[in-house]
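Keep the sequence and the 3D view open as you read.

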Amino acid sequence: TKGTVSAPIKPGQGWHLFVEEEIKATSNKPFDEVINEVAEGIVKRDKELAQARTAAEGFLTKVQGGATFEELTVTEEDKRDPAKTSDTENALVRVNSPWILKTQDSVPRVGKSDGLGDEIFTMDGEKPLVPRVLESNGTFFVMQIDERVTPDLEKFEEQKDALRETE
């Protein structure tokens with residue numbers, strides 16, 4: 001029914017609500033009728049991906065030249081702040097991912113990218129920047145490590161034992 005609101009749905013990142021505005025009967029159009037539309041969509045998507053990759057590569061070049069992420073980006077909070085919207089509308093967004101395990105094949109809030117884990121674990125304080133643009137699901141990333149912490153397994157075992165004793 002028009003105006004019906006769906007239950008909250010969490011397809012990936014974030015929650016979504018859908019409002020029914022119109023119901024259309026399904027139809028199958030002959031391929032000859034849609035071929036130009038499909039081709040235009042593919043060309044448009046490819047152009048947008050190329051522009052996004054070029055922007056990410058330009059960003060990486062600036063960082064390699066000495067600029068900082070903080071100088072060149074805004075936070076997700078800035079992007080949502082109505083007082084800053086005009087300043088941040090087309091700005092690149094900086095996202096901090098809290099951690100990654102060496103055995104993972106994806107990064108929280110980023111996704112999976114070929115070679116991503118290998119690249120991340122070559123980074124350290126001496127070499128904090130991934131030297132190439134990474135892609136995950138049509139989104140391009142320039143990555144930098146803020147800090148590398150090597151777990152102290154002995155201390156971890158002691159903490160586990162202490163927690164077990166409190167049970």
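Start with ring pairs: rings of Phe, Tyr and Trp (its six-membered ring) pair if their centres lie within 6.5 Å, and planes under 30 degrees apart count as stacked, over 60 as edge-to-face and the rest as tilted. By this rule there is one aromatic pair here. The rings of Phe59 and Phe69 have centres 5.2 Å apart and planes at 85°, so they sit edge-to-face. This pair links distant parts of the chain, with Phe59 in helix H1 and Phe69 in helix H2, 10 residues apart. Helices (H or I, at least four residues) and strands (E, at least two) are DSSP runs, numbered from the N terminus.

A quick word on where this comes from: the model is predicted, local features need pLDDT of at least 70, side-chain atom pairs count only at pLDDT 80 or more, and totals for chains, interfaces and linings use all residues. Residues are numbered from 1 along each chain as its sequence is written, and side-chain values use heavy atoms, with hydrogens and water left out.

Now for charges. Side chains of opposite charge can pair when their charged atoms come close. Such a salt bridge needs a side-chain nitrogen of Lys or Arg within 4 Å of a carboxyl oxygen of Asp or Glu, and the count comes to four. One of them joins Arg53 and Glu57 (3.8 Å, N to O). Both residues, Arg53 and Glu57, belong to helix H1 and are four residues apart, about one turn of the helix.

What about the loop between strand E2 (14-16) and helix H1 (31-64)? Which residue is found there? Val19 is one of its residues.
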